[in-house]
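Have the model open as you read.

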Amino acid sequence: MWQLSEKGKLEFIDDKFYIEGIDGRLVQQDTNNPKIYNGSFIIRQRSRAFEITVFIPDIDPNSLIKNSMQNGLKTGSIIPESHYYILEGLDLKGRKWYSNEFYPSFHTHINYRGALFKGAAQEIYFERKTDSANINKIHLDFLDSFNIPAHEFTETIIRSGKKEKKKFTRNVWRFKDGDISYTFTNETYGLSVDVENNRAFPSDFISYINETLWFVFARLIHPSIEIERKNNSVKCLLRVLEKPRLTPLLSPLIRLDHINAPTIAKEMFIKYIRYISKNKSELLHPISVELKKVIRASQHSLDAQSLFVAVAVEAILKSQYPEIDIKEEEENEEIDLVQENIKNFDISSRLKDRLTGLIGAMKKSHPKNKLIQLKERGVINEEHIKAWERLRHTVTHGDIDSINFNDRCNLCSVVSQLMYLLVFDLVGYKGIFTDYTKEGYPDLHFPFRFKKS
């Protein structure tokens, strides 16, 4: 598998990655007869994108200006897909690079025949064939990210003249899930992940790994380098490093300094990735969508986290617990009976209509009803329900300042725990997790063991 050197990865972190190519092609998108421009190219890494520059020597600037890609666009209009291009280019080492779609601008000089096309893309990649077949591997580099709990050592030999010295570093987290083996390594430049499987990985497996890391470690990280080997081909994708990387207020499900953190995190990882792997959509799993929103909101403020976590609980209940709605059918029949009896009341027709409408609204599945049923199963407790009700009511009605800061923190912690407990229940996790709602952050065991009230 192709690897970027450690020096190259450090340069990537410092926005110094650079590629030159002599054989580049700009290819127009979404058209049967695409325009194609040929010339040398440069790809420079910038803080928010890869800057792509392609020099097209054999082109008339006057003709280019006359038939400009920007011609005919009204201010504020949506740019058509046909105005976007991709780059295909051979670099000086013989690798053929591709970009994702970007919108180029051009620059000309009055005394020179030719033009510079410039644009910005978020991802670039190259593919190549290999000699060995039937090998399925994934390598990911999360550059400049946080360290995860590790319990295995790596050995480094330090040489000074004829003398050698061994250095042992506890930086590896390794486990297996059936035929799939995972190795996570805390490196000087960030976190590296190596995954091997006897069979081909599902098409979205890299996304599943990413989403699972969000869940287990409450960090919104994305791999800057993705290398995937399938049979006799290798694809290497580079993604711009996201900045700034603010530390979220949300905490991992298990304290990273917990003595059993690697073992507990392993169980959470396996359960979650198995669950979301059932998702057949190319989009993120619905649970991952909500987690992403909550983690991102917690990077900015407590108020933002409070709003998004309250809504996330409701969204997860709606998308992942349809079977609870079925249990309310008998209750709905009783509501129909009450509505029929209202017609016999000796009251005004206007009041009858209002009462019928109000009672009819009870037929809609309410999140609290689902929470009550989950409490009866031991998934959550009464404290979670009360905290969610109070937090959701205040944040969705713009009344968050009516709660003092300390109470706001406590409510947000309890509702965040509620969100995670729902996920535990869905994915089938049973075991220890950290209770951030109590002083000292004690361990709790899921599912809860208590008497029904």
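## Salt bridges first

The salt bridges in this structure number 21. The model is a predicted one, and every value here is computed from it.

Start at Glu123. Its side chain meets that of Arg239 in a salt bridge, at 3.2 Å from N to O. Glu123 belongs to strand β8 (residues 123-129) and Arg239 to strand β15 (residues 233-239), so the contact ties together parts that are 116 residues apart in sequence. How accessible are the two partners? Glu123 is partly exposed, with a relative accessible area of 23%. Arg239 has 18% relative accessibility and counts as buried, because buried means under 20%.

Arg239 has a salt bridge to Glu226 as well, at 2.9 Å from N to O. Glu226 sits in strand β14 (residues 225-230) and Arg239 in strand β15, so this pair ties together parts that are 13 residues apart in sequence. Glu226 counts as buried, at 12% relative accessibility.

Now move to the helices. Asp303 forms a salt bridge with Arg408, and their closest N and O atoms are 2.8 Å apart. This pair links distant parts of the chain. Asp303 is in helix α6 and Arg408 in helix α12 (residues 405-427), 105 residues apart. Asp303 is partly exposed, with a relative accessible area of 32%. Arg408 is buried, with a relative accessible area of 10%.

## Cysteines

How many disulfides does the structure hold? The count is zero. Take Cys409, which is in no disulfide. The nearest cysteine sulfur belongs to Cys412 and is 7.6 Å away. Seen from Cys412, the closest cysteine sulfur is that of Cys409, and 7.6 Å is too far for a bond. The cut-off for a disulfide is 2.5 Å. The two cysteines can also be described by their accessibility. Cys409 is partly exposed, with a relative accessible area of 24%. Cys412 counts as buried, at 2% relative accessibility.

## Aromatic rings

Next, the rings. The structure holds 29 aromatic pairs. One of them joins Phe17 and Phe50 edge-to-face, at 6.5 Å centre to centre and with 70 degrees between the planes. Phe17 lies in the loop between α1 (6-13) and β1 (18-28), and Phe50 in strand β3 (residues 50-56), so the pair ties together parts that are 33 residues apart in sequence. Phe17 is buried, with a relative accessible area of 9%. Phe50 counts as buried too, at 0% relative accessibility.

Tyr98 and Tyr125 make a stacked pair, because their planes are at 20 degrees, with the ring centres 5.3 Å apart. Tyr98 lies in strand β5 (residues 96-99) and Tyr125 in strand β8, so the pair ties together parts that are 27 residues apart in sequence. Tyr125 is partly exposed, with a relative accessible area of 23%. Strand β8 is the strand in which Glu123 lies.

Rings also gather in a group. Phe146, Trp173, Phe175, Tyr182, Phe184, Phe217 and Phe269 form one aromatic cluster. Two of these names lead on to helices. Phe217 is among the buried residues of α3, and Phe269 is among the buried residues of α4.

Look at α3. Is this helix enclosed or open? Of its 13 residues, 12 are buried, so α3 is largely enclosed by the rest of the structure. The buried residues include Phe205, Tyr208, Glu211 and Trp214. Helix α3 covers residues 205-217 and should span 18 Å at 1.5 Å a residue. Its end C-alpha atoms are 18 Å apart, which agrees. Ala218 follows α3, and its phi is positive, near 50 degrees.

Helix α4 (residues 261-276) passes the length check too. Its 16 residues should span 22 Å, and the end C-alpha atoms are 22 Å apart, which agrees. Among the buried residues of α4 are Ala261, Met268, Tyr272 and Ile276.

Finish on the surface. Leu307, Phe308 and Val311 form a nonpolar patch there, with about 210 Å² of accessible area together. Val311 is found in helix α6 (residues 302-320). Val311 is partly exposed, with a relative accessible area of 38%. Helix α6 is also where Asp303 lies, the partner of Arg408.

Note on methods
Residues are numbered from 1 along each chain as its sequence is written. This is a predicted model: local features need pLDDT of at least 70, side-chain atom pairs count only at pLDDT 80 or more; totals for chains, interfaces and linings use all residues. Side-chain values use heavy atoms; hydrogens and water are left out. Patches are made of residues with over 30% relative accessible area and no salt bridge: like charges are joined within 9 Å, nonpolar side chains (Val, Leu, Ile, Met, Phe, Trp, Tyr) within 5 Å. Accessible areas come from the Shrake-Rupley method with a 1.4 Å probe; for residues, only the protein chains shown count as cover. A salt bridge is a side-chain nitrogen of Lys or Arg within 4 Å of a carboxyl oxygen of Asp or Glu. Helices (H or I, at least four residues) and strands (E, at least two) are DSSP runs, numbered from the N terminus. Buried means under 20% relative accessible area, exposed over 50%, partly exposed in between (1.4 Å probe, protein chains only). The expected span of a helix is 1.5 Å times one less than its number of residues. Rings of Phe, Tyr and Trp (its six-membered ring) pair if their centres lie within 6.5 Å; planes under 30 degrees apart count as stacked, over 60 as edge-to-face and the rest as tilted.
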